[in-house]
Amino acid sequence: MEETGFDEQRQTGQPLPVDLSKYSTTAVGEIPAKQVMSDRKMRQVILRQSPIKTALYMIGLLLILFSVTLLPPMGVAWWYDGDNVIAPFAEAMGAMLGLGLLCWLPVCRLKVDLRNRDGFIVVVAFWFLLSLIGALPFMLSRNPHMPLVDAVFETVSGLTTTGATILSGLDTMPKAIVYYRAQLNFLGGMGIIVLAVALLPMLGVGGMQLYKAETPGPMKDDKLTPRIAETAKNLWYIYVGLNGVCTLSFWAAGMSFFDALCHSFATLALGGFSTHDASIGHFNSPGIELIAGLFSLIAAVNFALFFLAWRARSIKAIFRDVEFRFCMAVFGGIIVVACGYLYLSGKFSWWESLYHGFFQTASVITDNGLGTAGYPVDWPISVPLLLLLGSFFGGCVGSTCGGIKAIRFLLLYKQSVREARLLIRPTAQIAVKLGSHPVSDRVMQAVWGFYYLYILSYCFFSLALTVTGVDLVTAFGSVAGCLNNMGIGLGETAGNFAPLNDAATWLLSLSMLIGRFEIFPLLLLFLSDFWK
């Protein structure tokens with residue numbers, strides 16, 4: 001009988017010669033001492049441990065899934081515009097599907113075990129790729145026929161729910177293009193990755209790492225349900241349900257169903273893309289403005305609170321939340337100041353000051369970006385400046401808004417009070433608390449670090465825009481509008497971002513992504529420790 005390898009080793013007392021050059025050190029180190037693996041199994045171990053191959057698998061899968069979302073714009077084009085408008089979306093869908101298959105097929109047998117590091121790589125790479133591929137309909141269409149820089153800017157603005165636009169002539173543009181912009185807002189609102197997390201378990205892929213990398217906020221460990229896929233699904237059910245209610249409300253207030261649908265996408269996503277150049281002001285309707293303002297405030301609330309209220313069959317869960325109460329108090333204060341100043345300045349009557357001030361304040365400070373009544377060009381300069389600063393505040397963590405977020409400002413305020421009290425009583429033990437719960441020093445360090453990097457990013461992009469030849473007012477206003485994902489600038493970009501040069505446009509596209517990522521997921525990729 002032929003001796004096995006183990007028999008030979010037992011007789012000679014020497015280990016068998018094994019060529020380890022074709023295996024990575026990490027893979028070999030994880031093989032149990034008494035286990036002999038075939039080349040096929042060894043290759044599977046190496047594949048599982050390669051972050052690049054894991055990223056290719058996930059990105060390919062996400063691109064394949066996202067290519068399906070180009071079917072609705074094709075349906076709109078068929079209904080409203082004709083075959084010549086269908087072609088750009090069909091070509092973009094083919095390109096996206098082809099790239100997805102190209103990434104996924106070589107590693108389709110990979111057993112995916114996502115780690116936190118893989119989640120960050122996938123999220124950042126997917127957003128950058130989608131910003132490029134999603135620009136194809138704008139580039140391939142005859143109206144508009146946009147160059148790469150402008151098409152990427154428009155796509156990034158939609159996906160990050162910023163709402164800054166280069167396009168004009170929306171009233172006469174093909175309906176499919178107008179709808180596509182609104183759909184970008186809709187998908188970017190709750191997060192494309194969160195949507196994918198809800199679907200990936202059907203394909204045998206977990207998603208906790210993607211969820212952590214995608215969702216904003218300093219404290220992300222709490223889940224609504226034990227399974228992250230269920231959490232993502234519940235958030236999307238709430239999001240879609242609110243969109244349905246908002247659509248019906250706009251429709252009842254006098255919009256066409258198409259306008260109502262597109263504006264509900266923009267409002268609940270806090271995205272700001274309208275179907276008309278004059279935005280909400282096109283309708284000249286107090287009712288529509290009040291509805292838009294109300295749903296903007298609703299969209300600035302942590303969506304997890306809506307789920308908890310639904311499960312408890314009571315809204316007390318919402319009002320018990322410390323961040324919600326703080327956020328609404330700040331919103332209320334800014335709204336009162338804006339409405340009062342508009343009336344006292346003589347710009348509007350008391351009723352116009354009320355509904356214009358309520359809507360526009362709610363739209364800007366929640367980083368929605370829909371506009372009305374000549375805002376900001378024809379308004380007293382103090383109000384647009386107040387609202388621009390308010391856009392840094394944003395809304396609650398877990399909402400669709402941009403900005404720094406209310407909970408961070410609340411924690412920074414409490415930390416400042418704590419430091420002042422320690423100056424009086426240096427030996428006192430004073431904890432920073434949210435409600436009755438103390439906040440760990442680790443969380444406070446993360447909040448301070450984020451705040452520093454956010455302000456540093458704002459200063460960097462503002463100065464970078466001035467280097468490209470943009471004046472100071474336009475530079476600081478444009479960066480605030482893009483970094484906060486608010487979409488309305490000052491100066492030359494008060495109404496449209498088309499006047500900017502190509503270099504400034506690229507910089508603002510990057511600033512929108514950084515604001516959407518909340519800095520850290522992108523920063524991690526540039527740290528050497530991340531790749532060790």
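**Entry 1: ground rules.** I am working with a predicted model, in which local features need pLDDT of at least 70 and side-chain atom pairs count only at pLDDT 80 or more, whereas totals for chains, interfaces and linings use all residues. Residues are numbered from 1 along each chain as its sequence is written, and side-chain values use heavy atoms, with hydrogens and water left out.

**Entry 2: the whole chain.** I looked up the secondary structure and found 25 helices and two strands; helices (H or I, at least four residues) and strands (E, at least two) are DSSP runs, numbered from the N terminus. Of the 532 residues, 54% count as buried, where buried means under 20% relative accessible area, exposed means over 50%, and partly exposed lies in between (1.4 Å probe, protein chains only). The chain exposes about 24,100 Å², and carbon and sulfur atoms supply 63% of that area, by the Shrake-Rupley method with a 1.4 Å probe, in which only the protein chains shown count as cover for residues. I also noted that, among contacts between residues at least 6 apart in sequence, 70% join residues at least 24 apart, a contact being heavy atoms within 4.5 Å.

**Entry 3: helix H18.** I checked the length of H18 (residues 322–344), whose 23 residues should span 33 Å at 1.5 Å a residue, and the end C-alpha atoms are 33 Å apart, which agrees; the expected span is 1.5 Å times one less than the number of residues. At the start of H18, a side-chain oxygen of Asp-321 comes within 3.3 Å of the backbone nitrogen of Glu-323. After the helix comes Gly-346, with a positive phi near 80°. The buried residues of H18 are Glu-323, Phe-324, Cys-327, Phe-331, Ile-334, Ile-335, Ala-338, Cys-339 and Leu-342. An α-helix has 3.6 residues a turn, so residues three or four places apart point the same way. I then asked which helices the buried residues of H18 pack against, and found H15 (286–299), H16 (303–312), H17 (316–319), H19 (350–365), H20 (382–390) and H21 (406–424).

**Entry 4: cysteines.** How many disulfides does a search of the whole structure find? The search returns zero, a disulfide being a pair of cysteine sulfur atoms within 2.5 Å. For Cys-327 the closest cysteine sulfur is that of Cys-396, 4.0 Å away, which is too far for a bond. Cys-327 counts as buried because its relative accessibility is 0%, and Cys-396 is likewise buried, with a relative accessible area of 0%.

**Entry 5: helix H20.** I listed Val-383, Pro-384, Leu-387, Leu-388 and Gly-390 as the buried residues of H20. Seen down the helix axis, these buried residues fall within an arc of 160°, so they line one face of H20; the arc is that of the directions from the axis to the C-beta atoms. Their cover includes H18, H19 and H23 (472–483).

Entry 6: Trp-506 sits in H24 (residues 502–517) and is partly exposed, at a relative accessible area of 38%. Not counting residues up to four places away in sequence, Trp-506 touches Leu-148, Val-149 and Val-152. Trp-506 and Phe-153 are 353 residues apart in sequence, yet 7.2 Å apart in space, C-alpha to C-alpha. Thr-505, also in H24, counts as buried at 3% relative accessibility, and the residues that Thr-505 touches, with the sequence neighbours again left out, include Val-149, Asp-150 and Phe-153.

Entry 7: In the loop between H19 and H20 I found Asn-368, which is buried at 0% relative accessibility and touches, among others, Thr-162, Ala-266, Ser-296 and Met-486. Pro-376 lies in the loop between H19 and H20 too, and a cis peptide bond with omega about 0° joins Tyr-375 to Pro-376. Another cis peptide bond, with omega about 5°, joins Asn-143 and Pro-144, and Pro-144 is in the loop between H8 (136–140) and H9 (148–159).

Technical notes:
A polar contact is a pair of N or O atoms within 3.5 Å; within protein, one must be able to donate a hydrogen and the other to accept it, and residues adjacent in sequence count only if both atoms are side-chain atoms.
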